[in-house]
Amino acid sequence: MHWESWSAFWDMGGRGFYVWGSYGVSFALIALELYFLHRTRKAVIRRLLRWRAARFEDTGEDA
Amino acid sequence: MNATQERRQRWRQGVEERQRSPRSLWRFAAPQQFYPLAGRLAPWFAAAAAVLAVAGLYLGFFVAPTDAQQGEVYRVIFLHVPAAWMSMFLYLVMAFWGIVGWVLNTRLSFMMAHALAPTGAIWCFIALWTGALWGRPTWGTYWVWDARLTSQLLLMFLYLGYLALTRAIEDPRRADRAGALLAIVGSINVPIIYFSVKWWNTLHQGASVSLTRAPSMATVMLVTMLIMAFAAWFYSIAVALWRVRTIILERERHTDWVAAELDRLAAKEKG
């Protein structure tokens, strides 16, 4: 193992703020992207289902 | 109908015919064929990205040695360089799909460009963010207006400009073409970013990896960086494929096959 202890690992030779600030924000952004990807897909599917239902009502056809 | 319009229409019909041909690879240029293919491929790319990222982070934090000059803070490189590479590469891929869309008149090409833009913008932001946090302890400043950093910031604005432009134009066909034009013209900036450290005197260090000379870093560091780069690449492919599926559903909503897919999705939700 490269590190003597976990606290040495988190300290990153006194540069913990810069290292964890980089990785933390980056992985948070990636997680947000995946979350919004999922949410947008759900929202689009719901919107398209509503759009289709409304179109069938307009024309008086059966859905 | 004048001669040019007639030629265009014949060409479009030709494209559509080739897309319908079951033995031609062109069929995957048809959104209807690409939608299920993308759905099948994306999870594999995502899984590969996750495995590579875990391996890369393990190597980067527990195997790679302390850097003789920079100490531990250099470990930002394993994120910074792959993010910067992906931000440039994805912009070129966007421009490529823009050119294909303009030349071949394939709707799916424009949709691919749309699907790549948000991910490229995120990589671009990550490159700038990690660069700033790495610059502070090593250069003594978060930001400096030198050629490398300024051209990378311009790339960020090109991504944001593409996203704003394509969302501002309501007619999708015009939005596609305007966005593609911006991507194509803006791609001139990518070689400027890449070679900026050579052409100008900058604070930013030179290329870490080059095809013509031996790498300037220890092997384990180099291997870790490449593993992380592949992780970022596969992640981008997976996300772009997932995103393009949603775009296809919206764009093709008038077709029978999307109606059938919506029935399937609605049934699954009720489950």
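Me: OK, a helix here is a DSSP run of H or I with at least four residues, and a strand is a run of E with at least two. How much helix and strand is there over residues 41-63 of chain B?

Reply: This is a predicted model, mind you. Residues 41-63 of chain B come out as 100% helix and 0% strand, with the end C-alpha atoms 32 Å apart.

Me: What does UniProt call that stretch?

Reply: An unreviewed UniProt entry lists it as a "transmembrane region", and gives chain B other spans with that label, including 83-104 and 217-242. Residues 83-104 of chain B are 100% helix and 0% strand too, and their end C-alpha atoms lie 31 Å apart.

Me: Which residues of chain A get the "transmembrane region" label?

Reply: Residues 17-37, again from an unreviewed UniProt entry. In the model that span of chain A is 100% helix and 0% strand, with 29 Å between its end C-alpha atoms.

Me: Switching to the contacts: how many residues of chain B are in contact with chain A?

Reply: 29 residues of chain B, and they meet 23 residues of chain A.

Me: Which element of chain B gives the largest share?

Reply: α4(B), with ten residues. Other elements of chain B giving two or more include α2 (31-63) and α8 (219-251).

Me: And what classes of residue are on that side of chain B?

Reply: The side touching chain A has 19 nonpolar, four polar and six charged residues.

Me: Last one: which domain does UniProt annotate on chain B?

Reply: The unreviewed entry has "Cytochrome c assembly protein" over residues 34-204. That part of chain B is 81% helix and 0% strand, and its end C-alpha atoms are 42 Å apart.

Conventions:
Residues are numbered from 1 along each chain as its sequence is written. Chains are lettered from A and ligands numbered from 1 in the order in which they are written. This is a predicted model: local features need pLDDT of at least 70, side-chain atom pairs count only at pLDDT 80 or more; totals for chains, interfaces and linings use all residues. UniProt positions are given in the numbering used here, feature names are shortened, and annotations may be inferred rather than shown by experiment. Two residues are in contact if their C-beta atoms, placed from the backbone, lie within 7 Å. Ala, Val, Leu, Ile, Met, Phe, Trp, Tyr, Cys and Pro count as nonpolar, Asp, Glu, Lys and Arg as charged, and the others, Gly among them, as polar.
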